[in-house]
Amino acid sequence: MPDTEQNKQSDFIMEKIKERPLNKKKLLRKTLITVCMAVIFGLIACLTFLILEPVFSNWLYPEEEPPLVILPEESDEMAPEDMLVEDEDESSIQEVVESVILEDEQLQKILENLQLDKTHYEQFYSAMDAYVKELEASMVVVTVMTSDVDWLNNTYESEGRTSGVIIATNGSEYLILTDSATVRGTESILVTFIDGTGAEAELRQWDRQTGLAVVAVQIDGLPESTRDKVKIADLGSSNMRDPVGVPVVALGAPMGTVGSAGYGMLVSAGSIWSKVDATYKLLTTDIYGSQQATGVLFNMRSQIIGIIIPGGGGTDRRNAVTAIGISELRKLIENMSNGKELAYLGVSGVDVTAAANKEMGVPYGAYVREVAMDSPAMLAGIQRGDIIVELDGSSIENFTNYTTTLQRLEAGQTVTIVVQRLSQNSYREMSMEITLGAAN
């Protein structure tokens, strides 16, 4: 093969292939697209996880709802004559009577020879101070923080304090009864226990009519030493046969200051505090307190018999510490502790007296004195002067029956209500369907 052809072939074999020049703009664009797609994918994955994680968590590890709070049934106070055993014979009863008479005579002799001085006075107050310290294990201080804007558009925070009492537990939370005006619409609620330990709380439910609220504190978040010191208050009875003269202790803020206390006795239990859908018995004491008093009223057996309300419940003794009887509040407290939305019908009323029934033929029931504007009762056609005799199948004999029956019902529930209405000098029965509203 000639040299020239051989050289041409070798030149072809040794020819270097030139690489395509790098397009930097195209490479940058691809890189940016890849990064953006990765970011979008990551955001979608995060969003999907946030949405589905609670669902899968609840499915795999379902959170158990705390059991409902059921307050113990009220035990009626026994009079001394009720304590005698029914099957005792006459001789044994006579022995008991003679024994009581003898003890009374001995007591009279002791009192005749007893001379009290300032030492006895000091001993009395020392004993009361020790009793108050025992009761304070059930009391807490509730502190709230709220933010607001002044007229110069500057944001500021304010602090409010009130008292509270531990009234129940559902196993995982302490449930605390307190003043609703302080804890509603706040950013944070702090509960301080007897040993100074503080814990965050959340509002469980509140009642517009009484101004009361229940807040909940997680028990697991409290140290064991605190749990050992706190005590759940015992709810007593305000249905006493002879309340006048019963000694009481007022705790919480009876003097207008959190942590104050007062000693005295009941001087009246006959006043009625009429509210929408409820009436409450008022327990008035001889304790001179603040018109802004709050707190609880204890008897001498460490039992709550009343919840203090400010202003004497509208009576003319505004500085006398006055409380709502605990017997009328028991079901309301239970409902609020369970976070139940309180049912609302919208009537104010009173009991039909025996005299009205006998002399004017007014049937027994809950006499409607006022109907709240735009309430479910007004929309259903209930009028002033009607007598409610049946609610959701339960017979209503007085306004207390009406209140307790309503407290068992749910907001939004449709019920049948039966009333007696005066028409042409006689009462005529009427039945109507009502959808209950929410009290708050």
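Buried means under 20% relative accessible area, exposed means over 50%, and partly exposed lies in between (1.4 Å probe, protein chains only). This is a predicted model, in which local features need pLDDT of at least 70, side-chain atom pairs count only at pLDDT 80 or more, and totals for chains, interfaces and linings use all residues. Residues are numbered from 1 along each chain as its sequence is written, and side-chain values use heavy atoms, leaving out hydrogens and water.

Q: Which residues are linked with R204 in a network of salt bridges?
A: A salt bridge is a side-chain nitrogen of Lys or Arg within 4 Å of a carboxyl oxygen of Asp or Glu. R204 meets E173 at 2.8 Å, N to O, and its closest N and O atoms with E202 are 3.4 Å apart. The network therefore joins R204 to E173 and E202.

Q: How many residues apart are R204 and E173 in the chain?
A: The two side chains form a salt bridge. R204 belongs to strand β5 (residues 198–207) and E173 to strand β3 (residues 173–179); strands (E, at least two residues) and helices (H or I, at least four) are DSSP runs numbered from the N terminus. The pair links distant parts of the chain, and the separation is 31 residues.

Q: Is R384 buried or exposed?
A: R384 is in a salt bridge with E370 (3.9 Å, N to O). E370 has 41% relative accessibility and so counts as partly exposed. With a relative accessible area of 61%, R384 is exposed.

Q: What is the bridge partner of V191 in β5?
A: Two strands pair if DSSP finds at least two bridges between them. β4 and β5 pair in the antiparallel sense over four bridges. In β5, the partner of V191 is A199.
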